[in-house]
Amino acid sequence: MRLTCLGGAGEIGANSYVLECGARTLLLDSGLHPKKEGRAALPLLSAAPAEPDHILVTHAHLDHVGALPVVSRRFYRARIHMTPVTRRFALRMLRNTVNVLRRRSEESGVAADGSPQSPPLFDFDAVERLEDLIEEHELEEPFSLGAGVEAVFGSAGHIPGAAGLLIRSGGARGRSLFYTGDTCGRSQLLIPAARYPAQADVVLTESTYGGNPHADAVHLDEQLRGLGKLIARTTEAGGLTLIPVFALGRAQE
């Protein structure tokens, strides 16, 4: 196995990794960088050592799936794999991203020839084309990627549909790599804690919070009590409490 980082190494955003695994080349995630614009927000696709045979997506946050329309257009032979829930959320997130990219393009103005200064990275048609390329896989159900390479998604405990990915190559005596994606080892109100494999030769993991207690976990009870009191006061006064939430995951929690 040989791993090449195209984005997300040492920072949050544009997560994408190429795993050369025997006769198969796999692309793990294809995210956008949230603090960069245009093509600078993409993973460094030119650094890919080979064209991937398969693209595997761990979850629907844009720093892991936001570049998928562009990546799929560049590596058009690759099949795309994710869980059914991730597919549902990913397509919704990508359609919303088209609107965001269009607005940013309009705000950037036009060049002397009348063309946009920063044309959007992709459009609705590019998102729709993904639907025929995506293969859904349930959690804990192994699937073959050919040439003796097998993969299986397991719950990552991060957001609905999020999955870690265990990849095995070479059969019982071969090697294995576990990619956690974004992961959470504690149960949440919406989803259970992550489940990790008993063994792997290599672990590729995120480290956003490292070994420190998650601030949300430490203060969650206090936050819930405060919110409850606010809702109670509003209701007792005859009012309504509206909580519009779009962000996928933490805000709903």
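1. Contact here means heavy atoms within 4.5 Å. A word on ground rules: this is a predicted model, so local features need pLDDT of at least 70 and side-chain atom pairs count only at pLDDT 80 or more, while totals for chains, interfaces and linings use all residues. Numbering starts from 1 along each chain as its sequence is written, and side-chain values use heavy atoms, with hydrogens and water left out.

2. H3 reaches 35 Å from its first C-alpha to its last, close to the 34 Å expected at 1.5 Å a residue (1.5 Å times one less than the number of residues). Gly109 follows, with a positive phi near 85°.

3. Among the buried residues of H3 are Ala90, Leu91, Leu94 and Leu101 (buried is under 20% relative accessible area, 1.4 Å probe, protein chains only). Their cover includes helix H1 (62-65), helix H2 (68-74), strand S5 (79-82), helix H4 (124-130) and S6.

4. The largest nonpolar core has 36 residues (buried Ala, Val, Leu, Ile, Met, Phe, Trp, Tyr and Cys joined through side-chain atoms within 4.5 Å). H2, S5, H3 and H4 each give two or more residues to this core, and H3 supplies the largest share, 6 residues.

5. Now the sheet: 6 strands, open, ordered S1-S2-S3-S4-S5-S6 with mixed pairing (pairing takes at least two DSSP bridges). Strands S1 (2-7) and S6 (134-136) are the edges. S2 and S3 run antiparallel, joined by 5 bridges.

Definitions and conventions
Helices (H or I, at least four residues) and strands (E, at least two) are DSSP runs, numbered from the N terminus. Buried means under 20% relative accessible area, exposed over 50%, partly exposed in between (1.4 Å probe, protein chains only).
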